[in-house]
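Biologist: I am new to this structure. Could you take me through it by question and answer?

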Amino acid sequence: MAAANTLNKVQEVREVTRLERIGAHSHVRGLGLNDDLEPRQVSQGMVGQLAARRAAGVILEMIKEGKIAGRALLIAGQPGTGKTAIAMGMAQAMSKDAPFQAMAGSEIFSLEMSKTEALTQAFRKSIGVRIKEETELIEGEVVEVSVERPATGTGAKVGKLTLKTTDMETVFDLGQKMIEQITKEKIQAGDIITIDKSSGKVSKLGRSFTRARDYDATDSQTRFVQCPEGELQKRKEVVHTVTIHEIDVINSRTQGFLALFSGDTGEIKSEVREQINSKVAEWREEGKAEIIPGVLFIDEVHMLDIECFSFLNRLLESDMAPVLIMATNRGITRIRGTNYKSPHGIPIDLLDRLLIIATSPYSEKETKQILEIRCEEEDVEMEEQALTVLTRIGLETSLRYAIQLITAASLVCRKRKGTEVSVEDIKKVYSLFIDESRSTTFLKEYQEEFMFNELTGAGDATTMEVS
Ligand SMILES: Nc1ncnc2c1ncn2[C@@H]1O[C@H](COP(=O)(O)OP(=O)(O)OP(=O)(O)O)[C@@H](O)[C@H]1O
Ligand SMILES: [Mg+2]
């Protein structure tokens with residue numbers, strides 16, 4: 001199985017994808033709870049919504065203890081009440097190893113793969129496997145390095161490396177590759193180094209304490225370490241964490257690990273998955289691997305249809321399921337793909353398996369605090385009065401609209417060479433960009449001038465023909 005030796009590469013890929021853009025939720029740095037899981041009013045970028053945050057914290061604790069793998073949670077509430085923000089806060093607060101996979105319900109309807117394949121991949125991206133490998137290392141203090149050209153002047157260089165621990169000393173002959181590495185790393189007497197025996201990689205751990213007085217050989221960044229004890233050759237355990245999906249991709253013959261870079265993984269055969277499952281189970285039994293259930297977050301879950309929901313039911317029952325978190329702002333509505341209505345557009349049998357967290361609208365004070373945090377996040381200075389006006393706008397229209405106005409107002413402010421956003425700036429952008437309710441009023445007034453309006457029928461293409 002190719003998994004183990006390709007793992008190093010996978011590790012690198014994951015680190016690259018961890019970079020995040022500044023976005024709607026970039027101010028959220030966690031759930032803002034104290035050690036007793038009590039939410040602080042304002043902390044880690046989160047404001048208010050205390051009950052929901054506490055509930056999310058309890059779930060998070062259960063996830064960390066590995067207690068509720070395969071369970072599901074629904075965050076339900078009006079638009080703009082911080083459902084997505086809370087999920088992002090949970091993602092930030094999860095342990096670094098545990099995967100957090102976020103997707104929107106509508107992503108299922110991609111043409112590249114079937115809905116069930118997309119869901120399966122999402123599930124498998126949310127399960128981590130921590131794999132332990134033993135490698136052999138040589139670790140010691142360099143007593144002497146010597147690299148020489150043969151006396152004839154031509155041919156390969158030859159080298160010797162003398163390493164010691166507090167208990168022993170050995171001379172090693174150096175091959176070509178090792179000589180290159182040692183020259184590149186500028187290894188010299190007094191360095192403490194490790195050599196990975198399988199890959200031949202040389203790394204410098206620091207300078208030996210006994211050399212601490214050689215001032216000319218050191219600079220301020222030099223790290224001093226003790227000369228190692230015992231044997232020169234050691235066994236060390238290294239740990240990689242990858243997701244099951246990554247192992248799937250690497251081992252599916254048509255894809256190869258390059259697919260991980262392009263994200264273009266296509267469908268994966270179920271035989272491959274079965275093989276991986278049994279391999280992972282084997283590793284677990286041998287104590288080589290550990291399963292780390294993560295979180296799959298499906299936002300706007302009402303976009304899923306009845307087939308997806310019943311597939312979810314089934315996936316949740318598999319023994320390697322992650323914790324599923326969903327969010328929706330819909331009330332009682334039609335389940336996609338049926339003519340039945342149900343709460344949140346989710347079938348009752350799935351609802352029955354969920355824990356539900358409700359979010360509620362913000363007070364004036366909370367709205368103001370959120371706007372303040374967003375100003376800080378976007379590096380915008382705002383006069384107190386302007387912030388008060390913006391808060392009122394937020395309460396009367398929507399929090400999102402008010403957040404959007406921050407960037408726009410700060411641009412207007414910069415154009416007039418101001419440094420602090422004033423009430424005037426806010427007024428200006430408020431008149432430039434209308435919000436949803438003003439837009440609706442406007443449309444109602446002038447609907448006749450638009451195409452395809454439904455309220456009166458006048459102006460509609462079909463009615464035009466009749467008249
Ligand atoms: N309690 C909060 N603390 C800090 N920021 C918040 C809080 N609640 C919401 N926000 C911010 O307000 C904006 C809107 O919130 P969010 O997108 O989470 O709403 P939502 O409940 O997911 O809405 P929708 O149902 O429309 O998806 C986001 O930028 C979010 O980060
Ligand atoms: Mg949302």
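Biologist: What share of the residues in the protein chain is buried?

Modeller: This is a predicted model. Its protein chain holds 16 helices and 17 strands. Of the 467 residues, the buried share is 43%.

Biologist: Which residues of helix α5 are buried, and how do they lie around its axis?

Modeller: Helix α5 covers residues 176-184, and its buried residues are M178, I179 and I182. Seen down the axis of α5, these fall within an arc of 100°, so they line one face of the helix. The cover over them includes β5, β6, β7, β8 and β9. The buried residues asked for are M178, I179 and I182, and their arc is within 100°.

Biologist: How many residues of strand β3 are buried?

Modeller: In a regular strand the side chains alternate between the two faces of the sheet. From β3, A72, L74 and A76 point one way while L73 and I75 point the other way, and all are buried. For β3, residues 72-76, the count is five of five.

Biologist: In β14, which residue stands opposite L74?

Modeller: β3 and β14 run parallel and are joined by five bridges. β3 also pairs in the parallel sense with β17, over five bridges, where the bridge partner of A72 is L354. In β14, the residue opposite L74 is M326.

Notes
Residues are numbered from 1 along each chain as its sequence is written. Chains are lettered from A and ligands numbered from 1 in the order in which they are written. This is a predicted model: local features need pLDDT of at least 70, side-chain atom pairs count only at pLDDT 80 or more; totals for chains, interfaces and linings use all residues. Side-chain values use heavy atoms; hydrogens and water are left out. Buried means under 20% relative accessible area, exposed over 50%, partly exposed in between (1.4 Å probe, protein chains only). Helices (H or I, at least four residues) and strands (E, at least two) are DSSP runs, numbered from the N terminus. The arc is that of the directions from the helix axis to the C-beta atoms. Contact means heavy atoms within 4.5 Å. Two strands pair if DSSP finds at least two bridges between them.
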